[in-house]
Amino acid sequence: MHREDARRRFRRASWVNVVANLVKIIAEGAVGIVFGSVALVADAAHSVADLVASGVVLVWGSSSFDDADATHPHGHARIEPLTAMFVGAVIVVLGGYLLYESVRGLLAGSDIEFSYYLLGALGFAMADMYLAYWYTERANVGLDSTALTALAKDCLNDLYTTIAAIIGIIGVRLGFPILDPIAGAVVSLLVVYQGVAIGRENLGYLVGAAPTADQRGAVEDVLAAHDDVAGYHDLAVFYDGTVIEVEVHVEVDGELTIREAHDIESELVDELTALTDVGDAHIHLDPAGLGEWKDAVPDPAAD
């Protein structure tokens with residue numbers, strides 16, 4: 001996909017999340033204030049954090065599609081997992097707040113007044129968040145953006161918290177108001193777990209963590225399958241942002257011409273970068289049988 005097409009799709013999905021959260025805040029907040037529902041006001045309040053997160057993704061995350069420049073010679077790809085980490089942190093804070101409110105409700109009791117308007121507002125909020133989730137997931141096909149993935153998970157979290165609020169209000173209608181804080185506590189723990197999972201995944205992208213064993217194995221298969229490769233060593237397969245980088249020393253016939261060696265290197269780079277998620281490959285060619293040059297340095301202590 002062309003870089004500008006990807007940027008436009010990313011920004012459209014980000015805008016959808018901004019608008020969806022804004023609509024949810026207005027709908028739930030207005031009905032909650034009119035009918036004095038703490039549940040709806042709290043659900044609308046946590047959507048303010050979601051609005052901030054989606055706004056940050058819109059403004060900050062789209063810069064990950066910028067070309068490399070003098071200040072960022074390797075491009076801006078790492079901005080995306082950094083943005084996703086921010087979303088994960090917001091989700092954790094949100095989950096912690098909901099857990100606090102749920103525990104407070106368990107200790108102090110719930111004072112929600114039942115009204116079908118409350119159920120209507122919550123049903124509207126669920127439809128709103130589901131549409132945002134569906135569009136974000138669809139827009140992310142082919143982009144594989146960690147920031148959009150985080151926003152999609154955040155939309156799911158909103159669905160869960162809204163379901164918890166519905167359970168609580170139905171509990172009030174049936175004479176069991178304790179269901180509201182209990183359901184809220186369960187969902188808040190799920191929200192915290194998902195926020196931590198998003199943060200851990202994207203932290204790995206930022207610190208250059210290794211990919212899965214299967215992904216490393218695919219790299220090794222490419223190297224081993226090439227007819228001109230006598231062996232390889234010092235293989236490093238790691239994340240640079242959300243893409244995989246490969247660094248390796250490859251042993252070839254020492255009598256090859258420079259042009260022949262260059263062609264082998266180019267073939268390997270093309271084959272490696274054709275693998276899923278591999279963004280670039282850096283290959284150093286060594287004469288077969290010579291051994292790593294670092295091992296050939298005389299040891300002064302041996303004299």
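Modeller: About 40 Å³ of space lies in the largest cavity, where a cavity is a set of points on a 1 Å grid over the protein atoms alone at which a 1.4 Å probe fits but cannot get out. A volume is the space filled by probe spheres set on the points, with grid points joined across faces, edges and corners. This is a predicted model, in which local features need pLDDT of at least 70 and side-chain atom pairs count only at pLDDT 80 or more, while totals for chains, interfaces and linings use all residues. Residues are numbered from 1 along each chain as its sequence is written, and side-chain values use heavy atoms, with hydrogens and water left out.

Lining residues have an atom within 4 Å of a point; for the largest cavity they are T146, T149, A150, K153, I198, E201 and N202. The largest share, four residues, comes from α5. By class, this lining has two nonpolar, three polar and two charged residues.

N17, N21, D50, S54, M129, L151, D154, C155 and D158 line the second largest cavity. Here α1 (3-35), α2 (38-60) and α5 each supply at least two residues, and α5 again gives the most, with four. This second lining divides into three nonpolar, three polar and three charged residues; Ala, Val, Leu, Ile, Met, Phe, Trp, Tyr, Cys and Pro count as nonpolar, Asp, Glu, Lys and Arg as charged, and the others, Gly among them, as polar.

How values were computed. 1 Å grid on protein atoms, 1.4 Å probe; cavity = no way out; pocket = protein on both sides within 12 Å on 5 of 7 lines; lining within 4 Å.
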